[in-house]
Amino acid sequence: MKKSYDRGDRRRDAQLAQCERKRWFETPEAAQDAAEQRMLDNMSVDLAIYRCPLCGYWHLTRRVDDL
Ligand SMILES: [Zn+2]
């Protein structure tokens, strides 16, 4: 199977650069703690954690309920 590595790598580099700007955590526990802390600070915010397939660390993401 042939892939366009050049294009894929460049896109991944761009995404990894975004990862570096985001907050990231080495463990889900640390991410969860930070999420809970932020939700205490701002009750209107609902955060979830997810493991990033790009950098392998954990990020926080805003959970949006579209009702
Ligand atoms: Zn990431």
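This is a predicted model: local features need pLDDT of at least 70, side-chain atom pairs count only at pLDDT 80 or more; totals for chains, interfaces and linings use all residues.

Reader: Where does Leu16 lie, and what is it in contact with?

Author: Leu16 belongs to helix α1, residues 5–21. Helices are DSSP runs of H or I with at least four residues, strands are runs of E with at least two, and both are numbered from the N terminus. Setting aside neighbours within four places in sequence, Leu16 is in contact with Leu54 and Cys55; contact means C-beta atoms, placed from the backbone, within 7 Å. Leu16 and Cys52 are 36 residues apart in sequence and 9.9 Å apart in space, C-alpha to C-alpha.

Reader: And why is Ala31 called buried?

Author: Ala31 has 22 other C-beta atoms within 10 Å, and the cut-off is 20 or more, so Ala31 counts as buried. Ala31 is found in helix α2. Beyond four places in sequence, its contacts are Phe25, Ile49, Trp58 and Leu60. With Leu60, the C-alpha to C-alpha distance is 6.8 Å across 29 residues of sequence. Buried residues make up 7% of the 67 residues in the protein.

Reader: How do you know that β1 and β2 pair?

Author: Two strands pair if DSSP finds at least two bridges between them. Five bridges join β1 (residues 47–51) to β2 (residues 58–62), so they pass, and the strands run antiparallel. Among the partners, Arg51 is bridged to Trp58, and Ala48 stands opposite Thr61. The two strands form a hairpin with six residues between them, and Gly56 in the turn has a positive phi of about 85 degrees.

Reader: What is the overall pattern, and how confident is the predictor?

Author: Along the sequence the protein reads α-α-β-β. Its average pLDDT, the predictor's confidence in each residue from 0 to 100, is 88, and 87% of the residues score at least 70. Confidence is lowest in α1, with a mean of 84, and highest in α2 (residues 28–41), at 97.

Conventions
Residues are numbered from 1 along each chain as its sequence is written. Two residues are in contact if their C-beta atoms, placed from the backbone, lie within 7 Å. A residue is buried if 20 or more other C-beta atoms lie within 10 Å of its own, exposed if 12 or fewer, and partly exposed in between; C-beta atoms are placed from the backbone.
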